[in-house]
Protein chains: 2
Amino acid sequence: MEKKVALKDVAQHIGVSTALVSYVLNGKEKEARVGADMVKKIRKAAADLHYQPNLIAKSLKMGRTKTIGLIVADISNPFFSTIARIIEDEAKKHGYVVIFGSSDENAEKQLNLIDVFTTRLVDAFIITPAASTEAQIESIINRGIPVVLMDRFFPGLKADCVHINNFTAAGKAIKQLIKNNRRKIGMVAYDTKQSHMQDRKQGYKAVLKDNNIRFKKEWLIEASYKNIEKDVASKLKALLKPLQVDALFFATNSLAVAGLKEINRLGIKVPDDLAIISFDESDAFDFFYSPVTYVSQSLTDIGIETVKLVLNKLQNKTKKITDVIVEAKLMVRESCGSKS
Amino acid sequence: MEKKVALKDVAQHIGVSTALVSYVLNGKEKEARVGADMVKKIRKAAADLHYQPNLIAKSLKMGRTKTIGLIVADISNPFFSTIARIIEDEAKKHGYVVIFGSSDENAEKQLNLIDVFTTRLVDAFIITPAASTEAQIESIINRGIPVVLMDRFFPGLKADCVHINNFTAAGKAIKQLIKNNRRKIGMVAYDTKQSHMQDRKQGYKAVLKDNNIRFKKEWLIEASYKNIEKDVASKLKALLKPLQVDALFFATNSLAVAGLKEINRLGIKVPDDLAIISFDESDAFDFFYSPVTYVSQSLTDIGIETVKLVLNKLQNKTKKITDVIVEAKLMVRESCGSKS
DNA sequence: ATGAAAGCGCTAACAC
DNA sequence: GTGTTAGCGCTTTCAT
């Protein structure tokens, strides 16, 4: 268990000042006009002694940690873990490391994570904010810490964000169902005020209206984020037994997975009795007997754009608030009743 | 954008020394015999000024960061992200934060992550090591940094680890298939030297032998981690067209997902033509027309036990190497050909 | 072209 | 009980 070797040690090793070593090891030999032979000597000494810089000390001195704090609803959800992976890769390219936390869509947990991460001086935040947490986001901004919202945002809050147009995307799904001659179209959503969910609901209702379909409030099922399985199952059963709709639009893949299980249990035939479209992908969709049609948002794009935005802020390239809209497309497969 | 308030600011605010403030804010007022009224005054001042400690400074001083470095093969894989979530929660309970990185089962990437994390002075590592990286793990140990291996380990390397008994678990699966009158049993695995994979293969072969079934090397398909889909599809096709086995054991859920897609493409009927068992869960398994039997390892237990081990090391409760074996059980469903 | 030294914010040993 | 201060490892200004 060898003792850690510090910058001072390599300086002493060759009898020079720490300043020189610092310059060289940070590639600033030009600015500091360090002699060419000196540079070599220092490089060699550092290698010989297996010098590894102490980034904590550097962070303290520099006032930045090269760390991004990522707060998602739940890292174990493939939607978020897939994005996390993209973010990790993009961040790494620029020397950043990611610390993560899961809020469970809970404002209190989210606040706690923000505090913990702030305390550790993350340079920036990437957050999929829980409902009604604009004040938290605002406070981050006020402290001068860059923050980018992902997937959701707060109307009226001046914050950078990247997301799809959920209103339009949901609309595409509903249009497809109508095209396939479905008119009694139900929707399964979360009971949250979050923008992405509201927009999806509005998109759904708007397209119904455009097609002179009178929305019935029983058609809209709103499940609680905690206890998805149970909630979806029971409420869906009420809507499907007896069958009061001929199509169902799921606002997320988790809702769809829970819903499809109940649909199987009830023995309802997709798409003949009930057409199905979901938001987002899932391995499960490929294996459902009637491959599930879904709204595909490119998680890669979301991740890449998010990090790009963060880095722009970090490098002070821009002060202005940016709202990046990523494309979403409908992947039409059997479950929506299209003859393929 | 208010300026950060430091401990010194709090001290000055009420005209006391930083030492006092430090003691009180760290709950050491007893040891330091700080006056009761003083304690209150300091607490109030800290609150009034919205003091938030700078953990980077604290880390530098203390030589520990309260950070755990988590290195998995791929955080976007539900297997790892589920464990990550457990680790996050357990770590948080003890004031630890997790930084993560994905190695893609690649030794070089893993080494890079270890270096980056070391440089940031993580207090401990949790790693699902890539193949042939025992030297890397050893070097962590030699530097005196606690490390716990998850899911895999290195025979002969003295390192803490938590995992299931892969030999036995795989055996259970094969026994079940044999019980269901299958004797031409194939296996789809990764072509890696990693212990978990080797043990699963050995378990498979051992049970065949116990049952006087002569193992044929065409039965064992070994796919590359990169390009799973293609590799599994093509090699599986060779084995299944014409059908040379009556059962198939997949060594991981990713392999199974890829494999089942090919099985569907080939129009092979599960379980009648081909019985199936996989390792680990997947949403997809519930929706395959013949619900997939799988070996279930409790990711919760793995996560909890791992963090427990890490904390033990961190608190120096023990010096000795511990090998935690977590239970695995076979979830029997239709795909393995059992009449249910 | 190189060195000395201040100081980032905090803890804790020591002095009073 | 409370204050003073060294020092964690690093960067960078300012001398020389």
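Helices (H or I, at least four residues) and strands (E, at least two) are DSSP runs, numbered from the N terminus. This is a predicted model, in which local features need pLDDT of at least 70, side-chain atom pairs count only at pLDDT 80 or more, and totals for chains, interfaces and linings use all residues. Residues are numbered from 1 along each chain as its sequence is written, and chains are lettered from A in the order in which they are written.

**View 1. Chain A as a whole.** Chain A has 13 helices and twelve strands. Its C-alpha trace spans about 85 × 40 × 30 Å along the principal axes. Of its 340 residues, 47% are buried (20 or more other C-beta atoms within 10 Å of a residue's own, with C-beta atoms placed from the backbone).

**View 2. Helix α11 of chain A.** This helix covers residues 253-266. Its 14 residues should span 20 Å at 1.5 Å a residue, and its end C-alpha atoms are 20 Å apart, which agrees. The expected span is 1.5 Å times one less than the number of residues. Buried residues of α11(A) include L255(A), V257(A), L260(A) and I263(A). Just after α11(A), G267(A) takes a positive phi of about 70°.

**View 3. The largest nonpolar core.** A nonpolar core is a set of buried Ala, Val, Leu, Ile, Met, Phe, Trp, Tyr and Cys residues joined through C-beta atoms within 7 Å. The largest has 98 residues. V188(A) and V188(B) have the most contacts inside it.

Methods: A residue is buried if 20 or more other C-beta atoms lie within 10 Å of its own, exposed if 12 or fewer, and partly exposed in between; C-beta atoms are placed from the backbone.
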